[in-house]
Amino acid sequence: MPVIQYQNTLSFAQTCDNNDPLRSYRDQFHIPQHNGQDCIYLVGNSLGLQPKSTRSYIEQELQDWQDLGVEGHFDERATRPWFHYHKFLKSHLAKLAGAKEMEVVSMNSLTTNLHLMMVSFYRPTAKRFKIITEAGAFPSDQYALETQLHFHANKGGVKLFDPAEALVELKPREGEETLRTEDILAAIEEHKDELALVMMAGVQYYTGQLFDISAITKKGHECGALVGFDLAHAFGNVPLNLHDDQVDFAVWCSYKYLNSGPGSVSGVFVHERHSKKPDLPRFAGWWGHDESQRFQMKKGFVPMEGADAWQLSNVNVLPSAAHLASLEIFSEAGIENLRKKSIELTGYMEFLLNELNGEEEKIQIITPADPKQRGAQLSLCLAHGGKDLFNKLGENGIIADWREPNVIRVAAVPMYNSFEDVWRFVDLLKKLLIS
């Protein structure tokens, strides 16, 4: 890598697009307009674009609701009966997760799911109570971990541990922007006698660093801890192998790379080995109860097999319809094919930015240069004037993402971004920097 000998010309970018086997997928998405032209949309890491098929999928459920009412849950006339709606998504999610179908399910929202997972997989004692995470994790993760620690710190009026000492936040070395894998593994080893859980992002939202999920999970297990991941910025962005990597649990959202709409349904992975533990503590709801007995309305929770046991309520059908519309596109395109193009697109952006910098580093890329340690996102850091530059990009039809204190996040999403998008973005960036 790179697999392409890049050139800094518009004609080269257009040639790459003409030779792109995935180029037709761009036409399956609605692209926002600016002055009658397609925007350059580089923020699929925050909210993915709407597939053109989404409307028909939602309208079909609206039609079934109109025609069938409550009978839409079971009636054969329904296009996809609602009682089983989550099952229509499973095969697609399993491919993206590198999992078995019984290990994945779509439900709830991401932070709700993270709390549900921690009920089962963060079981602190006076001896083992620490959680390792990356410093500067996404706020929802920070708040979830913080409040879980406070919730568990006292038991029966007895203080088990100090929440302030229980959260181990890993920071990069002095002068570096991202974490080294060896430092993560060393921290797990250092805290192994008190460690209950390793809970990290798959891709760090601010820096765009892709962590070594396999190595972190292996080390965590060797040290007697459980291991989970927030895959909000990884799912649909990079190939995952959650089953073979032996990850205990993972959560993700569907509105970023998965293009399923603002605030759409989340998803979870629970390794199959945990499905053989019916007494595992959990907060249960009736949709996690054995579906063959669900409508008997009896006391006594009997968990479904696999991740389905963590479901609470019946499926949010309309968001799930939007989710299904996008997932079917992913299954057709193939995550490995998307990853190959992603590496080339992001590599091209990096090449152009490095040429723009020349000998003077106007823009610092804080995302790792190694393609194996990043997804589609590059995080661009400017010492001065970053917010003004970001605003000017927006005024010129380039939609990116600002993160305090000084980072512009850009993601060339392989499903719908083009090499020409990347070239035009950096070309405008250059003009703005010298104006």
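The exercises below, each with a worked solution, concern a predicted model.

**Exercise 1. Helix packing**

Solution: 
- Two packed helices are described by an axis angle and an axis distance.
- Sorted by class, the contact of α4 with α5 has five nonpolar, five polar and one charged residues.

**Exercise 2. Strand β5 and its partners**

Task: Determine how many residues of strand β5 are buried, which way they point, and in which sense β5 pairs with β9 and with β8.

Solution: 
- Strand β5 spans residues 130–134, and five of its five residues are buried, so the strand counts as mostly covered under the 20% cut-off on relative accessible area.
- In a regular strand, side chains alternate between the two faces of the sheet.
- In β5, K130, I132 and E134 point one way, while I131 and T133 point the other way.
- With β9 (residues 195–201), β5 pairs in the parallel sense over three bridges; I132 has V198 of β9 as its bridge partner.
- With β8 (residues 167–170), β5 also pairs in the parallel sense, over four bridges; here T133 has E169 of β8 as its bridge partner.

**Exercise 3. Nonpolar cores**

Task: Describe the largest nonpolar core and the contacts of F235.

Solution: 
- The largest nonpolar core has 67 residues.
- Those with the most contacts inside this core are I216, L231, F235, W252 and M415.
- Helix α9 (residues 317–333) gives the largest share of the core, eight residues.
- Leaving aside residues up to four places away in sequence, F235 touches L93, L96, A97, L240, W252, Y257 and L258.

**Exercise 4. A lysine in a helix**

Task: Decide whether K219 is buried or exposed, and name the residues it touches.

Solution: 
- K219 is found in helix α8, residues 213–222.
- The relative accessible area of K219 is 19%.
- Buried means under 20%, so K219 is buried.
- Residues up to four places away in sequence not counted, K219 touches L185, I188 and E189.

Terms used
Residues numbered from 1 in each chain as written. Predicted model: local features only at pLDDT ≥ 70, side-chain atom pairs only at ≥ 80, totals over all residues. Heavy atoms only, no water. Nonpolar A, V, L, I, M, F, W, Y, C, P; charged D, E, K, R; others polar. Buried < 20%, exposed > 50% of the residue type's maximum accessible area, 1.4 Å probe, protein only. Helix = DSSP H or I, 4+ residues; strand = E, 2+ residues; numbered from the N terminus. Pairing = 2+ DSSP bridges. Core = buried A, V, L, I, M, F, W, Y, C linked by side-chain atoms within 4.5 Å. Contact = heavy atoms within 4.5 Å.
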